[in-house]
Amino acid sequence: MENKSEQETKPTFTNPVDDFNLGLLIYVVNSTIVWVILIMVTCIVLSLIYLRYTPRIYESSTTLMLKTEKTTQLLGAGVQNLVVEHDPTEVSREMQLLNSKLLLDRVIDNLPLEIGYYKEGKSKFVYSELYTSSPFTVAGRVKDESIYTLPIYLRILSGKKYYVSFTMNGRDYEYSSDTGKILSSPFFAFSVSFPRSISPEDINGLYYFKFLPRVDVETDIANKLAVMPIDPATQTVSLIFKDRSPERAKDIVQKISDEFITYDVERKRESFNNILRFLD
């Protein structure tokens with residue numbers, strides 16, 4: 001019989017303080033400090049650029065209470081026996097109406113949205129949207145669709161004169177005219193007016209405007225508009241619109257609400273007129 005001796009192995013623990021190498025730490029820090037500083041500076045610069053050139057987005061909202069009613073005429077009864085029933089499914093249809101082409105067309109017809117006004121900053125990449133704060137307004141029509149979304153620069157020369165220029169297909173076009181007169185070209189016909197007194201800042205500023213296609217304006221409003229239910233019991237919904245211009249965001253939300261109420265009144269008036277004609 002053979003005897004074997006077994007040796008037990010026990011884990012050994014070392015003190016990390018004893019293994020600390022100050023020279024190695026200094027070497028690692030010296031070799032990477034440049035990259036650490038470079039990464040930090042890059043992150044700070046990118047953050048400043050983002051904050052400087054990212055446009056601010058403003059939000060406007062309102063709440064509507066949908067009084068959805070279904071009027072049923074009881075045959076053989078008088079007007080006093082009209083039955084009014086609440087239709088829960090009508091709420092979803094009303095929400096779709098708020099974001100429909102029918103209502104958006106009414107909004108565009110009543111707001112200056114088909115012409116965009118801008119002021120250029122120190123570079124072409126920096127600009128501000130003016131909406132109703134523009135020192136000039138343009139009224140006219142497009143003859144050639146290629147002029148859509150093309151920046152048309154306008155320089156105010158005096159209280160009655162202005163100068164416009166744009167580039168198309170590598171060719172420069174320049175026009176000058178007086179306010180109130182029709183400026184006609186193969187691409188457009190419009191007149192310019194100054195809604196307020198012209199200041200030296202207006203004369204020195206570099207402005208431009210764009211003719212915007214109606215379908216693009218509709219799509220832009222639809223993409224920025226959110227219609228969300230708040231309380232199904234009270235049939236209330238919220239309209240939320242986000243835009244770079246706080247005035248335009250407020251006007252669009254207000255106009256959608258007004259046109260929705262007007263359209264609802266028109267539908268009810270037509271419905272009751274049909275009932276009266278049936279009774280007659």
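## A three-strand sheet

Strands β6, β11 and β10 make up an open sheet in the order β6-β11-β10, with antiparallel pairing. At the edges stand β6 (137–142) and β10 (183–184), and each has a single partner strand, so one side of each has no neighbour in the sheet. Strands here are DSSP runs (E, at least two residues), helices are too (H or I, at least four), and both are numbered from the N terminus. Two strands count as paired if DSSP finds at least two bridges between them.

β6 and β11 are joined by six bridges in the antiparallel sense. Across that pairing, G140 sits opposite F190 in β11.

A word on the source: this is a predicted model, where local features need pLDDT of at least 70, side-chain atom pairs count only at pLDDT 80 or more, and totals for chains, interfaces and linings use all residues. Residues are numbered from 1 along each chain as its sequence is written, and side-chain values use heavy atoms, leaving out hydrogens and water.

Is S191 buried or exposed? S191 is buried, because its relative accessible area is 17%; buried means under 20%, exposed over 50% and partly exposed in between, using a 1.4 Å probe and protein chains only.

Strand β11 covers residues 188–193, and S191 is in it. Setting aside neighbours within four places in sequence, S191 has contacts (heavy atoms within 4.5 Å) with T137, V138, A139, G180, K181 and I182.

## S100, in a loop

S100 is found in the loop between α3 (90–98) and α4 (101–110). S100 is buried too, at 18% relative accessible area. S100 and A222 are 122 residues apart in sequence, yet their C-alpha atoms are 8.2 Å apart in space.
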